[in-house]
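Colleague: Could you walk me through this structure? I have not looked at it before.
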Amino acid sequence: MLSQVYRSGFQPFHQRLLPWVQSTALSRSPADRIQPSTIRHVRSWSNIPFITVPLSRAHGKSFAHRSELKHAKRIVVKLGSAVVTRGDECGLALGRLASIVEQVSVLQNQGREMMLVTSGAVAFGKQRLRHEILLSQSVRQALHSGQNQLKEMAIPVLEARACAAAGQSGLMALYEAMFTQYSICAAQILVTNLDFHDEQKRRNLNGTLHELLRMNIVPIVNTNDAVVPPAEPNSDLQGVNVISVKDNDSLAARLAVEMKTDLLIVLSDVEGLFDSPPGSDDAKLIDIFYPGDQQSVTFGTKSRVGMGGMEAKVKAALWALQGGTSVVIANGTHPKVSGHVITDIVEGKKVGTFFSEVKPAGPTVEQQGEMARSGGRMLATLEPEQRAEIIYHLADLLTDQRDEILLANKKDMEEAEGRLAAPLLKRLSLSTSKLNSLAIGLRQIAASSQDSVGRVLRRTRIAKNLELEQVTVPIGVLLVIFESRPDCLPQVAALAIASGNGLLLKGGKEATHSNRILHLLAQEALSIHGVKEAIQLVNTREEVEDLCRLDKMIDLIIPRGSSQLVRDIQKAAKGIPVMGHSEGICHMYVDSEASVDKITRLVRDSKCEYPAACNALETLLIHRDLLRTPLFDQIIDMLRVEQVKIHAGPKFASYLTFSPSEVKSLRTEYGDLELCIEVVDSVQEAIDHIHKYGSSHTDVIVTENEKTAEFFLQHVDSACVFWNASTRFSDGYRFGLGAEVGISTSRIHARGPVGLEGLLTTKWLLRGQDHVVSDFSEHGSLKYLHENLPVPQRNTN
């Protein structure tokens, strides 16, 4: 029995005791909050993870940013009528309610103090009364009038107060049963406006709520609709001390301020607050709403059920914000998000509309996306020579402003010392030679970009005076997310300029100073032709997951960083293509006919030159015939000199009496001076191994047999396949692309090092003279010609 209770979410006694020890009646000073050292791990029974962040802050001022919401200790969740009730307004949405109760229970068991303000009594009572009336009428009419008149029965209009009286007990019983599943007790409190205006009743209510929270009980609060009088029209949100409880929105706001709540979550049937009525063509969801912004918003009608509309919710939210409580208005009815909307809000994710008193110094990320879109379109209309001129100027700035760039990078390096691993520190570091190499690469991009945008790929004469062209155009707006590598910024910026794309950049915080100055230099270069806003650096506290949801602003996401970053972005991106590779598991197969003079140079360069790179060697496949030969001994000796840790594959380990540590997985990207060695019997076995354990990035054969090499080159299905060359050649700069935005292992659009060509798509241009399709019908006057026309030669100089 005890194990069953624990599986259902039983909270240990010391965790139930903490809120009681830390709480007081009316004051909530910082000392009253649970301190970080007392927060313990609580076992989870669902797929929603527990968090162990400190739940403490001084009340009196609302949170300034969404990311701070994870520190909320006391939370009020308001469930609107549209959230609680079914679409027919008779009865409750039981699945939705069960999901909300689970989320509230998860947060309660994290040590938070949860309160619910709920609608639903009227709908639940309406369902019960309709059932009773139908049953009563059917019995009477069956006795007196016969069955043939049952169809003509009319259900009278049910008075709301009567429905509330009939539904309150059933609604509470339902909540009680649901919370019991998580070993949480709930208590009902019915209030009216008088309970807040009468000082004695207000103190009694306050004391009751604090006592319930002290005992780890979830208070469920509702207006007593069975006796509530009509709202007073002239007593509506008149400052901090006066608020008329005319609906559950105002009740939730009053309760939140009264109880010094950290966060008020208002769930409705819309995603949040829009700048115009939802559903209209130009309606945009407002991510953050500030006091004074009401004038820029047009309110629509109220929800299908309930007393208040969005205007009432905004007024109540602003009143609560003024009282020191943060507010989020979000959708609690959408089937794809309702199962985690509350926990997402508390985790600081971009859900609904967040009310804040602190306006950011710069534009929002949505505004930056719009600026990148419009700036990119202007950039695409420039002459090729003008785009090239911008890139040349940026290359000059990298060398002219070298001292300022290196000084900013020095600040990043000093702040990262001791916090980042050695490979990441190496990526973060900039030097004079790196800047010179960057400038050379940018000039290559400028020289090769002359006819990139607007280049004609195909021309077809459809019919007389009807000609079709396929031409290259920019993709649109790119989002490039990169870690620890500030040198990535000018490379990607130059490629975006050359291809006419707008660009959003999100760099790691470890490179903040370097990224800031490099972005300023990019905008300075863009300014010479008035397209400064085409490249934007996201400096807000925007989470990567939130950026990946901006599907209406971003056309392609390009991650540059660890395999975990790429996997996370691929998982988070909703409706936006992601170009990249999740892993760089590169192989080198040493054939039985490999050259002794070449092999050690190739292995050393592939593994040791830059082991943190995605194109570094991770698995060395050796033909069985080479074991216990001088060539094999040379390879092992070189790896020992370079201090490379060797992991033995299963077959390799079986040949050795005393083997190195056996590899845990043959599908491992080490990113350091570590290497897996495995034995194969043939080139075909090497290919099979690569296809099974590789990541389709870069794979190499070392052999003097041309036939074997060509077999390998044609049969290995990877983005880059080399013969007698280092894996490190898999790079846009080394390929002569000038630079790259990344290496793609996908099979659609672009593959391998992605340079300028990979950032272009096409569109079709059709030029005619009053042509209509009906002219080409069976009895029409025109016939299709479909003649291929010569394409203008590309300028390769």
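**Salt bridges, sheet and core**

Modeller: Arg-461 forms a salt bridge with Glu-467, and their closest N and O atoms are 3.6 Å apart. Please note that this is a predicted model.

Colleague: Which residues are linked with them in a network of salt bridges?

Modeller: The network links Arg-459, Arg-461, Glu-467, Glu-469, Arg-767 and Glu-787. The model has 33 salt bridges by the rule applied.

Colleague: Turning to the strands, in what order do they form the open sheet?

Modeller: The order is S23-S10-S9-S24, with antiparallel pairing. Strand S23 (760-767) and strand S24 (787-789) are the edge strands, each pairing on one side only. On average, neighbouring strands are turned by 25° against each other, direction ignored.

Colleague: How many bridges join S10 to S23?

Modeller: Eight bridges join strand S10, residues 466-474, to S23. Within S23, Thr-762 is the bridge partner of Thr-472.

Colleague: And the core: how many residues has the largest nonpolar one?

Modeller: The largest nonpolar core has 52 residues, and Leu-379, Ile-390, Ile-391, Ile-405, Leu-503 and Leu-505 have the most contacts inside it. Helix H17 (residues 488-499) contributes the largest share, nine residues. Another core, of 39 residues, lies apart from it and includes Leu-92 and Leu-171.

Colleague: What is Leu-503 in contact with?

Modeller: Leaving aside neighbours within four places in sequence, the contacts of Leu-503 include Ala-372, Leu-478, Val-492 and Ile-535.

Note on methods: Residues are numbered from 1 along each chain as its sequence is written. This is a predicted model: local features need pLDDT of at least 70, side-chain atom pairs count only at pLDDT 80 or more; totals for chains, interfaces and linings use all residues. Side-chain values use heavy atoms; hydrogens and water are left out. A nonpolar core is a set of buried Ala, Val, Leu, Ile, Met, Phe, Trp, Tyr and Cys residues joined through side-chain atoms within 4.5 Å. Buried means under 20% relative accessible area, exposed over 50%, partly exposed in between (1.4 Å probe, protein chains only). Helices (H or I, at least four residues) and strands (E, at least two) are DSSP runs, numbered from the N terminus. Contact means heavy atoms within 4.5 Å. Two strands pair if DSSP finds at least two bridges between them. Axes are lines fitted to C-alpha atoms, for helices over the stretch in contact, and angles run from 0 to 180 degrees between N-to-C directions. A salt bridge is a side-chain nitrogen of Lys or Arg within 4 Å of a carboxyl oxygen of Asp or Glu.
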